[in-house]
Amino acid sequence: MSVAGIGMTSRRTRARMINRLREQGIRNESVLAAVESVPRHLFVQEALSPRAYEDTALPLSFSQTISQPYIVARMLEILLEGRALGKTLEIGTGSGYQAALLALLTREVFSVERIEGLLEEARNNLKKIRQFRVRLKYGDGSQGLPKAAPFDTIIFAAAARGVPEAVREQLAPDGKMLLPLDNESGRPKLLLVERRGATNYLETFLEDVRFVPLVAGIA
Ligand code: SAH
């Protein structure tokens, strides 16, 4: 297929993906517009690009996965409810896909990845779509990103065992953090943490999710 042909197909299939997200209950128009404009097929391995607009997680290099579009959209929608994202930290850059969406939704985006090779892939992917605004950082996101803190929004793309307190403290006073939390029952759930002033945090458990684990240290 010609490059132009792939472009056309991807725009059509992306429009179908938006319809599906609406059917699944995604209502935030800014999120839907961002998902519609980022070509997900450029963030997965070429052999998988025909499947890029299915509502499914897909493998990345280094045994990681790009999350299912529905859950990415849902997480962004939760964080955007009644507010702007403001200065945002993503933990787990992976392919850079979610970072690209974040960059369309807010001005300041930092994204931390612990696997150097994957961070390079994300850098290339973002270059392909000429998105240069995401500040990519190599490091252990379970420590957050103290140098750039505080953040209005923190989003985890990997499941933690408990609430990482060092990261929670990097929230701005009215900041929100959303993370998949693994638990003993083996049914990980999304946890929304809202900071209320200096020392109070409100925690709300939301839907069941499946994510790769948050791993301490760098690789
Ligand atoms: N947001 C990504 C999906 C990432 S998958 C996308 O849109 O493609 C989860 C990522 O979290 C993996 O790349 C994994 O290497 C990374 N990760 C796991 N533990 C981490 C940690 N402690 N610090 C930073 N990144 C981590």
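Analyst: Let us begin with residue classes: Ala, Val, Leu, Ile, Met, Phe, Trp, Tyr, Cys and Pro count as nonpolar, Asp, Glu, Lys and Arg as charged, and the others, Gly among them, as polar. By class, the largest cavity is lined by 16 nonpolar, twelve polar and four charged residues. This is a predicted model, in which local features need pLDDT of at least 70, side-chain atom pairs count only at pLDDT 80 or more, and totals for chains, interfaces and linings use all residues. Residues are numbered from 1 along each chain as its sequence is written, and side-chain values use heavy atoms, with hydrogens and water left out.

User: What is the volume of the largest cavity, and which residues lie nearest its centre?

Analyst: A cavity is a set of points, on a 1 Å grid over the protein atoms alone, where a 1.4 Å probe fits but cannot get out, and lining residues have an atom within 4 Å of a point. The volume, taken as the space filled by probe spheres set on the points, is about 380 Å³ for the largest cavity. Of its 32 lining residues, Gly 92, Thr 93, Gly 94, Glu 113 and Ala 157 lie nearest the centre.

User: Where does the ligand sit, and which residues are closest to the ligand?

Analyst: A molecule sits in a cavity if more than half of its atoms lie within 2 Å of the grid points, and here the ligand sits in the largest cavity. Counting a residue as near if one of its heavy atoms lies within 4 Å, 27 residues surround the ligand, and the closest are Ser 95, Glu 113, Asp 140, Gly 141 and Val 215.

User: Is the peptide bond from Ala 149 to Pro 150 cis or trans?

Analyst: Most peptide bonds are trans. The bond from Ala 149 to Pro 150 is cis, with omega near 0 degrees.

Definitions and conventions:
1 Å grid on protein atoms, 1.4 Å probe; cavity = no way out; pocket = protein on both sides within 12 Å on 5 of 7 lines; lining within 4 Å.
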